[in-house]
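Morning, everyone. Let me put the model up, and then we'll go through its salt bridges.

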Amino acid sequence: RLENGEVLFLLGHYEKAVVVLFDLVDDKAFKGATRWHDAVYFLAESLYQDGNPIASRAYFETLVTERVERYLTPAILRLIEIAGQQKDFDGLERSFSAYQAANAGKVPEQVDYIYGKARLLAGQYDLAIKRLAGPALGKAYRSRSLYATAVAQAAAGRLEEAAESLDNLLKLDIADDIDSEVRELTHLARGRVYYELGNIDASID
């Protein structure tokens, strides 16, 4: 059953994978098996991808609590995202602290971006802007971090700063599909921000 669930997971058939994996994970006879944690991760991620982040949370927490090395980082990152979506401030801080503890305090761009975006979703705009400052100066997450920063600034009522961030975004070169998507979002956001500022000419530029 694990092999069937894993194949369904890898093929992106998350709803079917959940059906197969749910009973397997709850099977007491399988719980002590070598690959039980694999089943837990596949179930957690399948639930998350299928649009059930709340249901997935307990399974990701199991992987963190039991400190399953191969799944520790991805599980914590998902918990950060889920806590942000649910505006669970304590859970957000707890998950981030768990990541730092598991990685000797080192926080790469990816994690700063995910954590900053989670703060944004949680409505903690100043904290989001502060956390996104690092990846916004980097390379891999630069465009996404700058866009998220602009969204946070706009949501916080700092429209002139948001306009400046969006203008700076349009000066960046497009390196991949993600940058292209961010460019489209930037044009839309820039128009709205300048409209709110009363600069109609700039809003349609």
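First, a term: buried means under 20% relative accessible area, exposed means over 50%, and partly exposed is in between, using a 1.4 Å probe and protein chains only. This is a predicted model, so local features need pLDDT of at least 70 and side-chain atom pairs count only at pLDDT 80 or more, while totals for chains, interfaces and linings use all residues. Residues are numbered from 1 along each chain as its sequence is written, and side-chain values use heavy atoms, with hydrogens and water left out.

Start with D38. With 7% relative accessible area, D38 is buried. D38 forms a salt bridge with R70, at 3.1 Å from N to O. By salt bridge I mean a side-chain nitrogen of Lys or Arg within 4 Å of a carboxyl oxygen of Asp or Glu. R35 also bridges to D38, with the closest N and O atoms 2.7 Å apart. R35 is partly exposed, at 28%. R70 is partly exposed too, at 47%.

Next pair: R57 and D88. Their closest N and O atoms are 2.4 Å apart in a salt bridge. R57 counts as buried at 17%. D88 is partly exposed at 23%. Over the whole structure, the search finds 12 salt bridges.

Last stop, L92. L92 is buried, at 0% relative accessible area. Beyond residues up to four places away in sequence, L92 touches I80, A83, G84, Y115, A118, R119 and Q124. Contact here means heavy atoms within 4.5 Å.
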